[in-house]
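Thanks for making time this morning.

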Amino acid sequence: KMTQQMRDLQLAQARKPPGPSSPNAAKRLYRNLSGKFRVNYTSFDEGSLVGRGEKEKLRKSYLFQSNAALFEAVELQDLDRVQELLKHYSPEELDLNTPNSEGLLPLDIAIMTNNAPIARALLQAGAKESPHFVSLESRSLHLSTLVREAEQRVNELMAQVVNEAPNADCSEKEKQLKAWEWRFRLYKRMKAGFDHARVPDAPSSVHLSVASSSSLQVTFWEPLSVNSAVVTKYKVEWSCSPTFSPLLGEAVIDKLKDLHFTIQGLVSGTACHVRVSAYNMKGWGPPQASTPPFAIPSNWREYDGRAPRRRGQAEALDHLLAQVKTVHQHCICHEPCKNQPQSRKHSVSKSLKHLFHPGSKFLKTLKRGLYLTAIFYKDDNILVTHEDQIPVVEIDDTYSCLLMQDFLWFTKVSCMWDEILWLRQCVTVSQSSCSCILQTRFKMLLAISQMQGLLGIQDLGQVFFEPIKDKQGNILIVTLKEVKTNQTFESVRWVPICKLQTSRKSVSSPEEPTALDTLLISVQDKLAYHQRSSHALSPGLYLGYLKLCSAVDQIRVLVPERLPNILCHAKIRSNPNISREEWEWLQKMASVEEPVPTEPEADTSQNPLFQELQVAIKELMTLVNIPLQEAKDFRLYSQEVLDFGDQVSFLLLLPPSDDVCTAPGQNNPYTPRSGFLTLPLQIFELGEER
C-alpha cells in the first residue's frame with residue numbers, strides 16, 4: 001500500500017518524528033527558534049569550547065527543529081511564521097522538499113488546505129509538491145488513509161481516557177487525544193480541499209514579443225479564477241503550426257517568482273505560435289494562446305544588414321595603445337621617474353621632524369593654484385589625513401585659470417590610472433618643445449603619482465564633472481571613489497563625514513569660501529552624484545531625449561540628476577529588442593515625415609510599439625516640462641537603435657533642428673533645481689562608458 005511504502009521510506013531516512021504535534025507545541029517550538037535558538041546558532045562561528053563533533057550535532061538538532069517549525073506553521077496557516085522561517089533559513093537548512101513521516105511536503109499541506117498566500121511564499125522559495133503522488137488516485141487514497149488512521153487513533157485514545165481512572169498517565173493520554181483530534185480535523189480539511197478542487201483555468205493573459213533574431217519572450221499572468229486550487233507550475237508550448245501539431249518544443253516552469261520564459265534556438269524569419277497552460281494538484285488546465293498569436297524572431301539590424309556599432313572597438317583601442325607603447329619603448333626605464341621640484345620652494349624651511357611627519361606631503365591650506373583632491377568614502381565615513389584634512393596635493397602653484405581642455409584631458413587620464421608612470425615618461429620626452437600645455441599636463445601626472453604614492457593605491461576613482469573654484473584663485477579637481485571592502489591606506493584614516501564637517505574650522509568668510517570649504521559644504525552632494533552616476537538601468541527599451549547647450553569652449557548635454565550617466569528618458573517596455581517589422585514601421589514613419597505619435601490612430605491601434613511609444617512620449621514630455629502639443633514637431637532618430645550591451649537599448653527623441661542645441665544667451669529653463677544637470681559632452685561620454 002502507498003501509505004505504508006512512504007512510511008517505510010521515511011523510517012529508513014529517519015528524518016521526521018512519528019508522533020503528531022499540537023498547536024501549543026508548535027507555538028513553543030517557534031518561540032524557541034525565534035529567540036534562544038538563533039543566538040546559539042550564530043555562536044558556532046564565534047569560537048566556543050564545544051568540540052567540532054558536538055557543534056555539528058547541535059547544528060543538525062537546530063535545523064531539525066526549524067524544519068518541524070515550518071511544518072507546524074504551515075499546518076496552523078500562520079503566514080507570518082512561514083515568512084519568518086523562509087527569511088532566516090535557506091531551503092536546504094529547512095529541508096524544504098523533504099517529506100515528513102506522513103509523506104507530505106509543506107507545499108502539499110498549503111495547497112490542499114487552499115492557503116494561497118502560504119503556497120505562493122513556499123513556491124517563491126523553491127518548494128515542490130511531493131513526487132510520490134504520481135496520480136490523482138494515489139493522492140486521494142493517501143489522504144483517505146491518513147483521515148481513517150487519525151480517526152482510529154482518536155477513537156482509541158478516547159476509549160482509554162474514558163475507561164481509565166484519573167492519574168498522570170490519563171493526563172498524558174488527554175494531551176495526546178487533543179493533538180490527534182486537531183490532526184484529524186487537519187486531514188479532513190485537506191481531503192475536502194482536494195475533493196472540491198478542479199483543474200485551473202487558462203492563464204489570464206499571454207504576451208509574446210521578439211527577444212532577438214533567434215528567440216521569443218513569453219510573459220504570462222495567473223488565471224483569474226479564485227475557486228480552483230493553487231497553480232504550482234506552467235507549461236509553455238511552441239510550434240510552427242497554429243494547430244500545434246507537431247510541437248517544436250515545450251518547457252515546464254516551476255519557479256514562479258517571475259512568470260516569463262525565453263524560447264531560445266529559433267530560426268530567424270520563421271513564424272512561431274505559442275500557448276501556455278497552468279497546473280495544479282488536479283492536473284493541467286486548458287491552454288491560452290498568446291497575443292499576438294505568433295511572432296517572427298528578428299532584429300532591426302536585419303533590415304539593412306548593419307553590423308553592431310561597437311563590434312571590435314575595444315580590441316582596436318587595445319591594439320592602438322599597444323602600438324603607441326611599442327613606439328615609446330625607448331623612453332621606458334626601470335628606474336622610477338623623479339618628481340620635478342615644485343616652483344614654490346618649501347623644502348628649505350622644513351625641519352627633520354616635519355619631513356618625517358606622516359602627513360607632511362598632504363596640503364592643509366591652498367595658496368592660489370591648481371590642486372588635486374581624492375575623496376574615498378565608505379558608508380558614512382570618509383578618508384582623511386592625520387590632520388583631519390581631505391587628502392590634497394598641489395598640481396601647479398602658478399596656474400590660476402584652468403582651461404577646459406586641460407580638465408577634459410585629465411578626465412581621460414582617469415581611465416588609465418595604472419598607466420600614469422608610462423604617461424609621465426612619454427610626456428617628459430615631449431617636453432623639449434617647452435609647450436605650456438604639456439608642462440601643465442606633466443604636472444598633473446606628477447600630482448596623480450604623488451597622490452597614488454601617499455595613499456598606496458592606484459585607482460583614484462571617477463573625476464567630478466566640474467572643478468571647484470574660489471575667488472582667491474584656487475582650483476580644485478576632485479576625484480571620488482567608493483570603498484566597498486576593508487581596504488587599508490597609508491597615511492590616512494576613516495572619520496564620519498558629519499564629524500569632519502562640524503569639526504573643521506573655516507578660514508574664510510561665508511561670502512567668499514575657499515575651495516576647500518566649498519568642498520566640505522558640498523561633499524554630500526558630490527557623493528550622491530557619484531553613487532547615482534554608477535547606477536545601471538534595468539533591462540528594457542527606452543526613449544531618450546537629446547538636448548544640448550553650447551558655451552564658449554564646450555557643449556553640454558542635459559541629463560537627469562537622479563541618473564546623470566544617462567540621457568533624460570522614459571521606459572518604453574522591458575524587452576530591449578526592436579524587431580525587423582517594428583523597425584520597418586519606424587522607417588516608414590520617418591520617410592513620410594509623420595509627426596511623433598502622441599494621439600491614437602485607427603490604423604495603428606493594433607501596433608503594440610505605437611501604443612508603447614505614445615505612453616513613453618507623454619511621460620518624457622512631462623519629465624522635461626515640455627507641453628505635449630510641442631512634441632508634434634519632434635522627431636524620432638531613425639538611423640539606428642542605440643544598443644548598450646544586450647539588455648538596454650534606446651530610441652532617441654530629437655527636438656526641431658533649430659532647438660537641438662541652445663546657444664549662449666538663449667533662455668535655458670533646465671537648471672539643477674528643476675532636477676536636471678548639464679554635463680560637458682566629453683564627461684557624459686566617459687560616464688556612459690563606465
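Let me begin with a question: in which strand is P292 found? P292 is found in strand β8, residues 288-295, where strands (E, at least two residues) and helices (H or I, at least four) are DSSP runs numbered from the N terminus. Before I go on, please keep in mind that this is a predicted model, in which local features need pLDDT of at least 70 and side-chain atom pairs count only at pLDDT 80 or more, while totals for chains, interfaces and linings use all residues. Residues are numbered from 1 along each chain as its sequence is written, and side-chain values use heavy atoms, with hydrogens and water left out.

Back to P292, then: a cis peptide bond joins T291 to P292, with omega about -5°. Another cis peptide bond links S245 and P246, with omega about 5°, and P246 lies in the loop between β3 (233-239) and β4 (249-253).

Two residues other than glycine have a positive phi. Q77, at about 55°, sits in the loop between α3 (52-75) and α4 (79-88), and N625, near 60°, is placed in the loop between α18 and β20 (635-636). As for accessibility, buried means under 20% relative accessible area, exposed over 50%, and partly exposed in between, with a 1.4 Å probe and protein chains only. Q77 counts as partly exposed because its relative accessibility is 34%, whereas N625, at 56%, counts as exposed.

Now to a helix pair. The axes of α17 (residues 580-591) and α18 (residues 608-623) come within 10 Å and cross at roughly 65°; these axes are lines fitted to C-alpha atoms over the stretch in contact, and angles run from 0 to 180 degrees between N-to-C directions. E582, W585 and L586 of α17 meet L609, F610 and L613 of α18, contact meaning heavy atoms within 4.5 Å.

Also in α17 is Q587, which is buried because its relative accessible area is 18%. Leaving aside neighbours within four places in sequence, Q587 is in contact with Y303 and S638.
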